[in-house]
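Colleague: Could you take one part of this model and look at it closely? I would like to see what surrounds it.

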Amino acid sequence: RLSEFEGSSNSFVLIRHDLTLDSGPVTFYSLLMHLGPDTLSEKARASWIRDLVHDRDRTALDTLRAGRIALLDRRVGAGDIVGTIGVVRRGFEQGPEMHLEIFSAERLTGAVGRSFRFLEAAADGPMVRRGALIDAVDANGDGMVSADELRAFFRQGDLDKRQALRRMAIRHAHEWGDRLGVEEFVRARELGGLPENERRRLYRIAAAPYVFWTDALSLHTGLPQNQTVYSYHPITFLVALAAHANGTEVHWPARAPLADRDLAAAPVAASILGDWTRGQQARPEGPIFGPVVDSEAITKRKADIPLIILPGGNE
C-alpha cells in the first residue's frame, strides 16, 4: 500500500510490508521522504505511477496532481523504482537527500525483535526525553543536547554508544501525524523558553509541511489511530531481517549501558532551534552525516543483487 504526493521536497512514499517469518507474520512500514518530483505520465521513473497511467486511474492521478495523499493498493517488488532522491532546501540540509524510516505498529518478536532494545516514550510529547538517548549524546552532562554535541557524537563519538543507539526501537507518537499538532508544540516544556509565536513558527517550519498521517491513512494501511509506533534504525533493521531470512544471526557488539529513565524537560538548545529555522543558508561545516554518496546508484532486480555474508564477532 502506498501513499504519495508531489512536491519539490515534500514528496513521499509509504509502503506496507507483510512477511511471514519463523516467529509468525510480521508487518512493518517503510517511509521514503524528500523524494524528487516525478512526471505523472507513462514516462514516470516510478513503476507504480506508470501502472496508474496505464490503468487510467483518474481518481488517483488527479489526487496526486492536486498535491494530496493518494491511498493505493499497488504491489511493488524488489528492485522496483518507487521514487528518486530529491533536493532539500531547509536549514543547513541543502542538497540531495532522502529520508528513510522503518516502523511497526506492534512490538516485533523472534530473532528480528531480539536485535533491538525497546524503549517506551509514548507519553513524552513531541520530543523524546529518555535517559537512554540524552545521556549517550550529552557530553558535558548538562541534560541538554547541543548541535555541537550531536555532530561530535555521530562523527567521532563512542562507538559502543552509537551501536547501542542503532539497536534501539522507540515507541513514540509519529512527528508527522495530525494528532501531534501545533498545540502539542505550544505546550511542550522543552520549548518553554521560546515565546509562543516562535513555538508556532517552529511547528510551521519543522513539522507542518510534512504531516501525512491521518485517520484515513490509518484505516487504509492498518496503522494505529493513535499514530504511535515503534521506530527502528533502518539499516540495523534491514540487516537483522536479511540475516534471519538467510538463516544466520548477526553477532552485534556488546551493548553499552543505557539507562531507561524519565528526564525532566530541559529547554532545547537554541543552536539546534536555529538549525531548524535558519532558512536557505547552509552551515559552513556541513550536515552532521556528510554529503549524499553515489546518489545516481543503479537500481537492480532482486535476482541481480548479490548476497553479502556479514562477518561474525564484533567487526
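Modeller: Helices here are DSSP runs of H or I, at least four residues long, numbered from the N terminus. The model is predicted. Let us take helix α10, residues 234–245. Start with its length. At 1.5 Å a residue, its 12 residues should span 16 Å. The end C-alpha atoms are 16 Å apart, which agrees. Just after α10, Gly 247 takes a positive phi of about 70°.

Now the surroundings. Buried residues of α10 include Pro 234, Thr 236, Phe 237 and Ala 240. Leu 241, Ala 243 and His 244 are buried too. The partners of these buried residues include the strands β2, β3, β7 and β10. Helices α3 and α6 are also among the partners.

The rings of Phe 237 and Phe 116 have their centres 6.4 Å apart. Their planes stand at 35°, so the pair is tilted. Phe 116 lies in the loop between α3 and β8, so the pair ties together parts 121 residues apart in sequence. Phe 116 counts as buried, at 4% relative accessibility.

Phe 237 and Phe 116 also belong to one aromatic cluster, together with Phe 28, Phe 118, Tyr 230 and Tyr 232. Within it, the rings of Phe 118 and Tyr 230 have their centres 5.6 Å apart. Their planes are at 85°, so this pair is edge-to-face. Phe 118 sits in strand β8 and Tyr 230 in strand β10.

Definitions and conventions: Residues numbered from 1 in each chain as written. Predicted model: local features only at pLDDT ≥ 70, side-chain atom pairs only at ≥ 80, totals over all residues. Heavy atoms only, no water. Helix = DSSP H or I, 4+ residues; strand = E, 2+ residues; numbered from the N terminus. Expected span 1.5 Å × (residues − 1). Buried < 20%, exposed > 50% of the residue type's maximum accessible area, 1.4 Å probe, protein only. Contact = heavy atoms within 4.5 Å. Phe/Tyr/Trp six-rings, centres within 6.5 Å; stacked < 30°, edge-to-face > 60°.
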